[in-house]
Number of protein chains: 2
Amino acid sequence: MTSSAPLERLSLNQITVDQWTLPEVIEGCVRAGIATIAPWREPVAKVGLDAAARLIADAGLSVSSLCRGGFFPAVGESERRRADDDNRRAVDEAAALGTEVLVLVCGPPLGRDLAGARAQIAAGIERLAPYAAQHGVRLGIEPLHPMMIGERSAIVTLGEAVDLALRFDAGQVGVVVDAYHVWWDPALERELVRAAGRIVGFHVSDWLVPTLDLLQGRGMMGDGIIDLRRIRQLVEAAGYDGPIEVEVINRELWRLPGDELVALICQRFAAAV
Amino acid sequence: MTSSAPLERLSLNQITVDQWTLPEVIEGCVRAGIATIAPWREPVAKVGLDAAARLIADAGLSVSSLCRGGFFPAVGESERRRADDDNRRAVDEAAALGTEVLVLVCGPPLGRDLAGARAQIAAGIERLAPYAAQHGVRLGIEPLHPMMIGERSAIVTLGEAVDLALRFDAGQVGVVVDAYHVWWDPALERELVRAAGRIVGFHVSDWLVPTLDLLQGRGMMGDGIIDLRRIRQLVEAAGYDGPIEVEVINRELWRLPGDELVALICQRFAAAV
């Protein structure tokens, strides 16, 4: 039996505890001894960027990533410019919060033009990467599960994310490996080898059987059928030893008292990751 | 604008008109001028195999495939034997119905052992293929969408299905390309080239946005975002010019009067496929 990941590597992704505001997440992490968080932009905006950055710093927490930039495919020039502006703001926010990683959810195709969407995504990252580099932020391309292609991302395999990332400097663009999104892929092992040196984030949750909800039906680690420990080891073999974000999007879990959910997360992180 | 597929190639997959019994499907196809059907085993069993074969033959219909064998991963020897027995019966039924193709839905992993499931699937096909060949039936490995991995199939990419098929004689084992299951794959074009000479079936439906149901939320052709015409042309370029099965699994459509649904299918087949 291989040993579990040390709890020091646990980062709490904010959406996992969506019943909490950002200040509540920060306090909850401090109570539970969790040293790292991964906020989303909307709850940061609710508190205000400067206030959020101060609260996080005052609590002594690190920030593993900011979720999210992306959504590159756009109809027409003005929509494209709006997306670019928003992505530069996301970079600014990441820098202000003190994280080096902006997660990219690349956006769905417009209508039936999947190849066009993928080309727009590549072009969008190309426009954003220099700005991000100037601000000390790496872009983390996160491939999403193919069932999310219509609403979230035309980038649905790790291989494609790695192909994209390899067009850029390793210091500028990498990939985010979320076990939930990639575990099914028969090419996973091979693509993680190719991703060596490019992995800027690792996320965990579990695949429930049956899965009834495409967006909010992820499972707590240990409740599903993903061999999370094996994937963690493959990710580590590819050179990544940074924070492991727990990102469980599950509406049942959002009904639990936050502290109870956080305790369960810590327990399952030790047992299953 | 490329021309649409001729209606002579349309095969009606039975589950598309699940509001109908098999005799009703047969009569409905005759009324609509559809020459080919693809029955499922359960509705065939309800009528009785011999009676079903006779009804289909008397109506002058062809059978493009029988759905389905597979579900190879098994716990222990007796469960494995039961699955093998059932798969041989599926071959017998395909032969009795006069179709050369048995569709394989390969079965989900048992627990977290995805690699083990894939090995059991390969071994199961190896045991079944000679029996199928003796009965004049080709096995069609159908990769399913990765969202169905937990309940239906550990084979979730066309590439993996092609890899499996290539271990066998082209006359014995091929692949079934269902646009709904494979359209998202950035490797689709490449894998269809590799599949040349191995494609034993082509299925169409559409990917709805949003998709709310993992199993029964497929769309009528033209209602979603799959570029079906392009995929059909790629499939044809790979040498397949056989029946095109319309397999739309959608509970809303099951509420329509059968004849109305069949008319819509014919119209959309011409417009979108």
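Let's start with one definition: two residues are in contact when their C-beta atoms, placed from the backbone, lie within 7 Å. Helices, by the way, are DSSP runs of H or I with at least four residues, numbered from the N terminus.

Now, what you see is a predicted model, where local features need pLDDT of at least 70, side-chain atom pairs count only at pLDDT 80 or more, and totals for chains, interfaces and linings use all residues. Residues are numbered from 1 along each chain as its sequence is written, while chains are lettered from A and ligands numbered from 1 in the order in which they are written.

Which residues of helix 10 of chain A does helix 1 of chain A meet? From helix 1, Glu24(A), Gly28(A), Arg31(A) and Ala32(A) touch Gly258(A), Asp259(A), Val262(A), Ala263(A) and Cys266(A) of helix 10. That contact is made of four nonpolar, two polar and three charged residues (Ala, Val, Leu, Ile, Met, Phe, Trp, Tyr, Cys and Pro count as nonpolar, Asp, Glu, Lys and Arg as charged, and the others, Gly among them, as polar).

Where they touch, 22 residues of chain B contact 22 of chain A. Chain B's side has 13 nonpolar, five polar and four charged residues.

Note on methods
Helices (H or I, at least four residues) and strands (E, at least two) are DSSP runs, numbered from the N terminus.
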